[in-house]
Amino acid sequence: MKRNFFKHGLILILVAAVLPVSCSKNNKAGEAQNKGSVTVEDGTGHSVTVGEVPSKIISLGAASTEILFEIGAEKQIAAVSDVSNYPEAAKSLPTIGGFDAKTISIEKIVSFNPDLIIIYSGMHDFMIASLEKFGIPYYVSKDATISDVIDEIRDIAYLTGHKSKGDELSDSYKKIVAELSKSIGSQDSRPKVYWEVYNNPYMSIGKNSFMTDVVKICGGKNIFDDVEQDYPVVSEETIIASNPDFILLPNDMFPDVDEVKGRAGWQNISAVKNGNIVIIDADIYTRPGPRIFAALQSMNKILYGKAD
């Protein structure tokens, strides 16, 4: 089953010209080191070093492609995967194939002679041994929180020679999160949210999905925030018993609000009774990239009755 929410992770792979330089996650080694090299530590604890500004980047995730454009590194992109559809200019870039393992060719990747590549933890782990064999260092993306997303955008900016832009965006995004936190600080109770990822079987977002952090920052409470899996299969009975105040349906599933209203036993759910079934743009709300911060502001308005 192919799902859009699997499209949005990233791993950066870099061809290092020098030996790795150790760097703590907190420091981020934003300044050049070792005769111009830059080292960062990704979300998996893997250290990545580049000796020169990479000029042939491959992005395997839609989110990573958006990040590269946002930080001003679009001219450094050599190829992307088929899932990169934003901004419009990304659609005209050379591709290495699809996003999942069945459609990715290591040979095709190597043919671009990349000095930086972005892949996704969990989805592209199978590639790591081959990338190391060919001497291609890599940055592994693993986003569990919005803070991780901010770190990752800054990491990519540093590695690609756009440190100033990375710092600027990082400060801007942190400010958005801080302002949202202030706006919901006086709320006695948070509206309960059911985020439907799939419905045959029912799947939602769990404790370790960054989308749960999206709900939390926006002032809501994910009804499955105690489930360890990122995208757990859940029971219909539990959804009904949890009585969510809002039901979120990603548009990539071609959702039908009337179908949801007509599900047996759902008529008494608060979200259904009050008309709070909301269709959201999956490309914006489920990609850990620059547009997620606009999504945060939008969802906050939805949950607190301030939608335009």
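## Loops and cores

Pro 87 sits in the loop that runs between strand S5 (77-80) and helix H2 (106-111). The model is predicted.

**Cis peptide bonds**
- Tyr 86 and Pro 87 are joined by a cis peptide bond. Its omega is about -5 degrees.
- A cis bond also leads from Asn 200 to Pro 201, with omega near 5 degrees.
- Pro 201 is found in the loop between strand S9 (198-199) and strand S10 (202-203).

**Positive phi outside glycine**
- Asn 113 is not a glycine, yet its phi is positive, near 50 degrees. Its loop connects H2 and strand S6 (116-120).
- Asn 113 has a relative accessible area of 51%, so it counts as exposed, the cut-off being over 50%.
- Phe 254 is another residue other than glycine with a positive phi, near 50 degrees. It lies in the loop between strand S12 (246-250) and helix H8 (257-261).
- Phe 254 is exposed because its relative accessibility is 75%.

**Nonpolar cores**
- In soluble globular proteins, nonpolar side chains tend to be buried together.
- The largest nonpolar core here has 50 residues. Those with the most contacts inside it include Ile 71, Ile 146, Trp 195 and Phe 293.
- Helix H11 (residues 292-303) gives the most to this core: seven residues.

Technical notes. Residues are numbered from 1 along each chain as its sequence is written. This is a predicted model: local features need pLDDT of at least 70, side-chain atom pairs count only at pLDDT 80 or more; totals for chains, interfaces and linings use all residues. Side-chain values use heavy atoms; hydrogens and water are left out. A nonpolar core is a set of buried Ala, Val, Leu, Ile, Met, Phe, Trp, Tyr and Cys residues joined through side-chain atoms within 4.5 Å. Buried means under 20% relative accessible area, exposed over 50%, partly exposed in between (1.4 Å probe, protein chains only). Helices (H or I, at least four residues) and strands (E, at least two) are DSSP runs, numbered from the N terminus.
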